[in-house]
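Me: Please take one part of this structure and describe it closely for someone who is new to it. I would like to know what surrounds that part and how its neighbours are arranged.

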Amino acid sequence: IEGTASLLRSDPEALKESRDRFSTFLIDEFQDTDERQWEILQLLSLGKSLFIVGDEKQGIYSFRGGDIRVFR
């Protein structure tokens, strides 16, 4: 995932191509999203429709990096 984030940050053409592929994003179980996944989603969804579903009381994947603080 770090490689994907790094590529999107450093290669404007890759970011544009990736953004152009999707018009809407639906994220379920958002409470289990980690910082890097959230960064990628923010990069890709800029100017797009974004729908997020999650319950901060149900975060169960902190041992895999899920971080309910992405709910900011």
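Reply: Helices (H or I, at least four residues) and strands (E, at least two) are DSSP runs, numbered from the N terminus. The structure is a predicted model, in which local features need pLDDT of at least 70 and side-chain atom pairs count only at pLDDT 80 or more, while totals for chains, interfaces and linings use all residues. Residues are numbered from 1 along each chain as its sequence is written, and side-chain values use heavy atoms, with hydrogens and water left out.

After α3 comes G47, with a positive phi near 80°.

Helix α3 also forms a right-handed β-α-β unit with β1 and β2. A crossover is right-handed if, with the strands pointing away from the viewer, the path from the first strand over the helix to the second runs clockwise. The two strands pair in the parallel sense over 4 bridges, where pairing requires that DSSP finds at least two bridges between them. Within this pairing, L26 has F51 of β2 as its bridge partner. In a regular strand the side chains alternate between the two faces of the sheet. In β1, F25 and I27 make up the covered face, whereas T24 and L26 make up the uncovered one.

The largest nonpolar core has 12 residues: A5, L8, L15, F25, I27, F30, W38, I40, L41, L43, L44 and V70. Such a core is a set of buried Ala, Val, Leu, Ile, Met, Phe, Trp, Tyr and Cys residues joined through side-chain atoms within 4.5 Å. Two or more of its residues come from each of α1, β1 and α3, and α3 gives the largest share, 5 residues. L15 is in contact (heavy atoms within 4.5 Å) with L8, L43 and L44, leaving aside its neighbours within four places in sequence.

There are 2 aromatic pairs in the structure. Rings of Phe, Tyr and Trp (its six-membered ring) pair if their centres lie within 6.5 Å; planes under 30 degrees apart count as stacked, over 60 as edge-to-face and the rest as tilted. F22 and F25 form a tilted pair, at 5.7 Å centre to centre and 50° between the planes. F25 counts as buried because its relative accessibility is 10%, while F22 is partly exposed, at 42%. F30 and W38 form an edge-to-face pair, at 5.2 Å centre to centre and 75° between the planes; both residues are buried.

Finally, S23 lies in the loop between α2 and β1 and counts as exposed because its relative accessibility is 52%. S23 is 21 residues from L44 in sequence, and their C-alpha atoms are 9.6 Å apart. Not counting residues up to four places away in sequence, S23 touches K48 and S49.

Terms used
Buried < 20%, exposed > 50% of the residue type's maximum accessible area, 1.4 Å probe, protein only.
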